[in-house]
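Let's take a friendly walk through a protein model together. Have a look at the sequence and the structure, and then we will go through some of the details.

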Amino acid sequence: MAEVKKPLIGMTLPQLKEVVTELGMPGFSAGQIAKWLYEKRVTDIEEMTNLSKANREKLAQEYCVGRYEPSSAMRSVDGTVKYLFTTADGQAVESVYIPDADRATLCISSQKGCKMGCRFCMTGKQGFHGNLTAAEIINQVLSIPESETLTNVVFMGMGEPMDNFGEVLKTLQIMTEKWGFAWSPKRITVSSIGKLDTLKRLLEETSVHVAISVHSPYHEERLGLMPVEKAYPVREVMKCLRRYDFAHQRRLSVEYIMWNGLNDDEAHAQALVDLLSGSNSRVNLIRFHAIPGVNLKTTDEGRMVKFRDYLNAKGVLATIRRSRGEDIYAACGMLAGKVKKS
Ligand code: SF4
């Protein structure tokens, strides 16, 4: 069987330095390779023309660029496109491209499925099939047709990014460092359900925006929706987040899916105000998208407006997030690529 070549995308500059040292290539070629991968975005080592032919051949014996195109695309009536990428082990992961007036956002996945088991989420229902590598994560950004036009990336697709911290951190470095895409961290939002151990590292080691999925301000109720509440109660998560500065460059958003008769009344709104006090967060109210086999109901628009107005009146900035791509199962909580049974 032919030996599988290792992908170069997904590698940080220090990792590329190790590669070139190992192959006996000059140290500066690591920077050249990073430029080819992340700035010029080549798909073949042959295109790295400022490396000598001998060095390109040496590199190509063990490595490949590692780019691969989406295996399918579904287009929504609202312009949203859901891309499906098939990983080397036959798993499917999804990314959602969301064009807007002056923005083009890509929502990317960090894991194949998810082990967090949130009751309302289709990805959670399919179980966990492994972590994505930094190569597989960054490939989603590099290999969609609209890649060059992206203004923002959000880690809100399949998986809990803080459950795959090492690979997510490498991806963030590639996106923000000078030798990578050189993006401002303000163009990136990482979403988490509040897995505090690694969330603390994200807060310390990066300056990207953070979004926390809260969904209920009450411990018992949240526990019934999100098992993570047991290990990391949302009250503790907010306590930790209050120690960071979200009043200036960095933004903290709170995601709140609304369910009819469950978390959409005034008592919840007030409890949410109390929970968020002093955190400088803003709230995104999200309409629930019904999924098969889940006995939770969508709140009507009127109740969402009332809830939003209550929060705003109490000084908590809240907006209702417009749903995108619902017709192609690309909206929040609906991602579940068809995966190989393992
Ligand atoms: Fe995993 Fe996020 Fe779905 Fe929860 S909501 S099961 S963390 S993908």
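We begin with a meeting of two helices: Glu266, His268, Ala269, Gln270, Leu272 and Val273 of helix 11 touch Phe307, Tyr310 and Leu311 of helix 12. Contact here means heavy atoms within 4.5 Å. Sorted by class, this contact has 6 nonpolar, 2 polar and 1 charged residues. Ala, Val, Leu, Ile, Met, Phe, Trp, Tyr, Cys and Pro count as nonpolar, Asp, Glu, Lys and Arg as charged, and the others, Gly among them, as polar.

A word on the source: this is a predicted model, where local features need pLDDT of at least 70 and side-chain atom pairs count only at pLDDT 80 or more, while totals for chains, interfaces and linings use all residues. Residues are numbered from 1 along each chain as its sequence is written, and side-chain values use heavy atoms, leaving out hydrogens and water.

Here are the helix pairs. Helices (H or I, at least four residues) are DSSP runs numbered from the N terminus. Axes are lines fitted to C-alpha atoms over the stretch in contact, and angles run from 0 to 180 degrees between N-to-C directions.

| Helix pair | Angle | Axes apart |
|---|---|---|
| Helix 7 (196-205) and helix 10 (234-241) | about 15 degrees | 11 Å |
| Helix 5 (134-142) and helix 6 (165-176) | about 45 degrees | 8 Å |
| Helix 11 (266-276) and helix 12 (301-313) | about 35 degrees | 10 Å |

How are helix 5 and helix 6 oriented to each other? They are oblique, a word for angles that are not under 35 degrees (roughly parallel), over 145 (roughly antiparallel) or 65 to 115 (roughly perpendicular). Ala134, Ile137 and Ile138 in helix 5 meet residues of helix 6 that include Glu167, Val168 and Lys170.

Now for the pair of helix 7 and helix 10, which pack at an angle of about 15 degrees. That makes helix 7 roughly parallel to helix 10. Leu196, Leu199, Lys200 and Leu203 of helix 7 make the contact with Glu236, Val237, Cys240 and Leu241 of helix 10. The classes here are 6 nonpolar, no polar and 2 charged residues.

Finally, the ligand. Which residues surround the ligand? They are Cys114, Met116, Gly117, Cys118, Cys121, Thr123, Gly124, Gly159 and Ile193, each with a heavy atom within 4 Å of it. This shell divides into 5 nonpolar, 4 polar and no charged residues.
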